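Please look at the sequence and the structure together before reading on.

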Amino acid sequence: MTEESWHEARLIPTSGINGAEEQERRATSALLAVMTAVREFGRALTKPFGAPAGNVETYIEVPFVLGEKKLFPDGLVRVSRGQKSWTALVEVKTGSNELVPEQLENYLDIAREQGFDAVLTISNEIPAIAGQHPTKVDKRKLRKVAMHHLSWTNVLTEAVMQKEFRGIADPDQAWVLGELIRYLEHPRSGALEFDDMGENWVTTRNAIAAGTLRSTDKGVSEVANRFDALLRFASLRLGRQLGTEVTPVLSRKELAEPALRTQWLIDHLAEHATLTGAIRIPDTVGELVVTADLRAGRITCHVDVDAPREGRQTTRVNWLVRQLKNAPADLRIEAFVLHGRGAGAAELLATVRDDPGVLVADPAKDLRTFRVAQSLPMGGKRGRGRGSFIDSVLAAVDAFYGEVIQHLKAWSAAPPRLRPEPEAADRRPEVPAALVSTSLSSQDGAEAVPPPAPEPVPEEVAAAE
């Protein structure tokens, strides 16, 4: 037998997982153990929830009595620093299993009785908005105990970011975190990626095709929330590759009231048959906007770029075209003018490369903004795989960032240049050097202005003199 067929020993093996219960127990134990072993990783996961920067202790299946029932939360995390501590019960789900409201309410009651700070849930459910919990519980139980949620995609992203980009001080701890990453990336771990647009996806898509969709139809809100969850997943996935925090773009009102964002998506879907959202990537020229046109079957990604504020209009167009020298020729470029309303001049990149003037509708008006857009076919299936909506959105986001956005830089004016000082050779030889000023003057290099001509003297005045 050749060595190629041998399986390398792993710290957290995926072999021997039989059933959902064993899958959850192994995932819980592996995650909590690594949080204890790798200080930086444990801190990264608990800091957003208000835990202090201290020693992390973790336990699994801790027994508690609630009334006449004996309950076993999947885990417990305690972070201590001096006299201050933060404690949370942990409930974990893997695969397609969803969190159960009754179970979470029981754990909230236990946490309140024990004086714990929070209940932390981990599952493959991705809420539409960060900070929002995917499971609804009695709000009265949240008065003294907080409830937080992490998706497995969140956990994996934090692990990769910490190991590959932020860094781990101890090489052995870095290896341990790498083993957790290997485990979570394995299909049998139960830590799945976003893989379903929901049971109402096909019905909604068919209603749009028939022109019968209404904003009050059953399941439209689920489709809207799933689309936002997909954007969050795409953000986490892209951030994991770039090593930076990529987030969906939401207004303050939408963050405070998630229902406003959902209602806007529902109304837009019913009226225009489109789903739209934006992703913010640090240090880029603009937000990556994703629009799914369910009637046309196209995914469009675009970014708005501020035009230079000086130079001729065609020079401003060429400034953008030079940055897109390796971009696909079928990109659509649209130019908007200052104080203009409505759509601007638009043309494909291939045409603009040959004739930049096609984007200049009126040479007298300054170009304000360029919109660079790419349109790709949309999949219709609700799950993952070839021909799926999810994969087509992820592919469009990756392609547009890789081929367009990462090559664009914002315009900046050139710094003013100093004028050279007069050379010593320019002095007149007949004038002593002590009488010549060589100091830099604001008039150096300026055009000489001739003195005004003397006014003519009247003849009678001249005769009198």
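**A walk through the model**

In this predicted model, Ala 273 sits in the loop between helix H9 (258–272) and strand E9 (274–280).

The protein chain contains 13 helices and 14 strands. Of its 465 residues, 42% are buried. Its accessible surface is about 26300 Å², and carbon and sulfur atoms account for 49% of that surface. Contacts can also be sorted by distance along the sequence. Among those between residues at least 6 apart, 65% join residues at least 24 apart.

Next comes the interior. In soluble globular proteins, nonpolar side chains tend to be buried together. Here the largest nonpolar core has 63 residues, and the ones with the most contacts inside it are Leu 230, Leu 275, Leu 288, Leu 324 and Phe 389. Helix H7 (residues 220–242) gives this core its largest share, 10 residues. Another core lies apart from it and has 38 residues, including Ile 12, Ala 30, Leu 32 and Leu 180.

Which residues does Phe 389 touch, if its neighbours within four places in sequence are set aside? The contacts of Phe 389 are Met 197, Trp 201, Phe 227, Leu 230, Ala 292, Ile 299, Met 378, Gly 379, Gly 380 and Lys 381. One of these, Leu 230, is also among the residues with the most contacts inside the largest core.

Now back to the backbone. Most residues other than glycine have a negative phi. Ala 273 is not a glycine, yet its phi is positive, about 60°. Asp 283 also has a positive phi, near 65°, and is a residue other than glycine. Asp 283 is found in the loop between E9 and strand E10 (288–293).

Are these two residues buried or exposed? A residue is buried when its relative accessible area is under 20% and exposed when that area is over 50%. The relative accessible area of Ala 273 is 1%, so Ala 273 is buried. For Asp 283 the value is 83%, so Asp 283 is exposed.

Ser 151 counts as buried because its relative accessibility is 1%. Beyond its neighbours within four places in sequence, Ser 151 is in contact with Ser 123, Glu 125, Ile 126 and Leu 236.

The largest pocket holds about 1200 Å³ of space. It is lined by 35 residues, and those closest to its centre are Glu 125, Pro 127, His 133, Pro 134 and Thr 135. H7 and H9 each supply at least two residues of this lining, with H7 giving the largest share, 4 residues. Sorted by class, the lining of the largest pocket has 13 nonpolar, 11 polar and 11 charged residues.

The second largest pocket holds about 940 Å³. Its lining has 40 residues, and Ala 130, Asn 154, Arg 232, Leu 236 and Glu 245 lie nearest its centre. Two or more lining residues come from each of helix H2 (39–46), strand E7 (146–151), helix H4 (152–166), H7, strand E8 (247–248) and E9. By class, the lining of the second largest pocket has 19 nonpolar, 14 polar and 7 charged residues.

Note on methods: Residues numbered from 1 in each chain as written. Predicted model: local features only at pLDDT ≥ 70, side-chain atom pairs only at ≥ 80, totals over all residues. Heavy atoms only, no water. Core = buried A, V, L, I, M, F, W, Y, C linked by side-chain atoms within 4.5 Å. Buried < 20%, exposed > 50% of the residue type's maximum accessible area, 1.4 Å probe, protein only. Contact = heavy atoms within 4.5 Å. 1 Å grid on protein atoms, 1.4 Å probe; cavity = no way out; pocket = protein on both sides within 12 Å on 5 of 7 lines; lining within 4 Å. Points joined across faces, edges and corners; volume = space filled by probe spheres on them. Nonpolar A, V, L, I, M, F, W, Y, C, P; charged D, E, K, R; others polar. Areas by Shrake-Rupley, 256 points an atom, 1.4 Å probe, with all protein chains shown as cover.
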